[in-house]
Amino acid sequence: GEGKTSSVSVDFEKTEPYTAKYDGEVFYMPFDNEYLELLTLTSATEVGSPGFTADAKVGTGAYAGAEASYLTFPAADLVNDEFTAVMWYKLNATPDRAGVLVMGPEGEDAPPATLNNGFKFFREAGGDNQVFKLNAGTGEGNSWFDGGQDASLDPTVDTDWQHLAFTISPEGNTVYINGNVVRTGDFAGPSWEGVEIMSIMSGAPNFSHWNHNADASQLDELRIFNKALT
């Protein structure tokens, strides 16, 4: 009738920001069928055709790597005097070398200068195993944290999800596999000069000089902290 108005009710789905579960947690990407970082509700940028698998460690999905495919994420809120990354990882050893997590400046064709800022966490063949290694830069130079066979996974045996972690700080850097220290050493503290992005599951575009390109492995529950976890 006259003067009568009608209203339509529409329900919009809204993603609620995730509240950090752990002290110092600044990044959490669960890969539950989306590349969304839940503290800032920022989506990673896809390069190539990365995918998902229902074979997750936690939740409904996990990252599934593919050739020439990876994610990038803005580095600005992740760079601190102390840095820790933790993740669940299921190894695909083909190709036999790959970047896992990299924050470096542009200029992949010009090591060693590009190693002097940021970090590179990667794997490569050591005998029949895959050895996980960390390089980190102080601005003036860089250090390698290579645990050799202690820091390796056997592709024929370690076929399930493995927990990888590394810490960077002026107190020293440490690499962990399944909670065990596989390499630790002194470090003067990180330089982040020129570091604008984090690459997830590839060394490209800023650490492909030694063919540490896309990782075809699976990744789940990636968290980053602004402190060096013990």
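What follows is a set of questions and answers on the fold and the salt bridges.

Mentor: Keep in mind that this is a predicted model, in which local features need pLDDT of at least 70 and side-chain atom pairs count only at pLDDT 80 or more, while totals for chains, interfaces and linings use all residues. Residues are numbered from 1 along each chain as its sequence is written, and side-chain values use heavy atoms, with hydrogens and water left out.

Trainee: How many strands are there in the protein chain?

Mentor: Helices (H or I, at least four residues) and strands (E, at least two) are taken as DSSP runs, numbered from the N terminus. On that basis the protein chain has 0 helices, and its count of strands is 18.

Trainee: What is the radius of gyration of the protein chain?

Mentor: The radius is taken over C-alpha atoms, and the globule rule to set against it is 2.2 Å times the number of residues to the power 0.38. For 230 residues that rule gives 17 Å, and the chain is close to this, so it is as compact as a globular protein of that length, with a radius of gyration of 19 Å.

Trainee: Which percentage of the 230 residues is buried?

Mentor: Buried means under 20% relative accessible area, exposed over 50%, and partly exposed in between (1.4 Å probe, protein chains only). Counted over the 230 residues of the protein chain, the buried share is 49%.

Trainee: How many salt bridges does a search of the whole structure find?

Mentor: Side chains of opposite charge can pair when their charged atoms come close. The criterion is a side-chain nitrogen of Lys or Arg within 4 Å of a carboxyl oxygen of Asp or Glu. Among the pairs is arginine 223 with glutamate 221, at 3.5 Å between the closest N and O atoms, and both of these residues are buried. The search of the whole structure gives a total of 8.

Trainee: Which strand holds glutamate 124, the partner of arginine 97?

Mentor: The side chains of arginine 97 and glutamate 124 form a salt bridge at 3.6 Å, N to O. This pair joins distant parts of the chain, 27 residues apart, with arginine 97 in strand E9 (residues 97-103) and glutamate 124 in strand E10 (residues 119-126).

Trainee: Is lysine 133 buried or exposed?

Mentor: Lysine 133 meets aspartate 146 in a salt bridge at 3.3 Å, N to O. Aspartate 146 counts as partly exposed because its relative accessibility is 36%. Lysine 133, with a relative accessible area of 14%, is buried.
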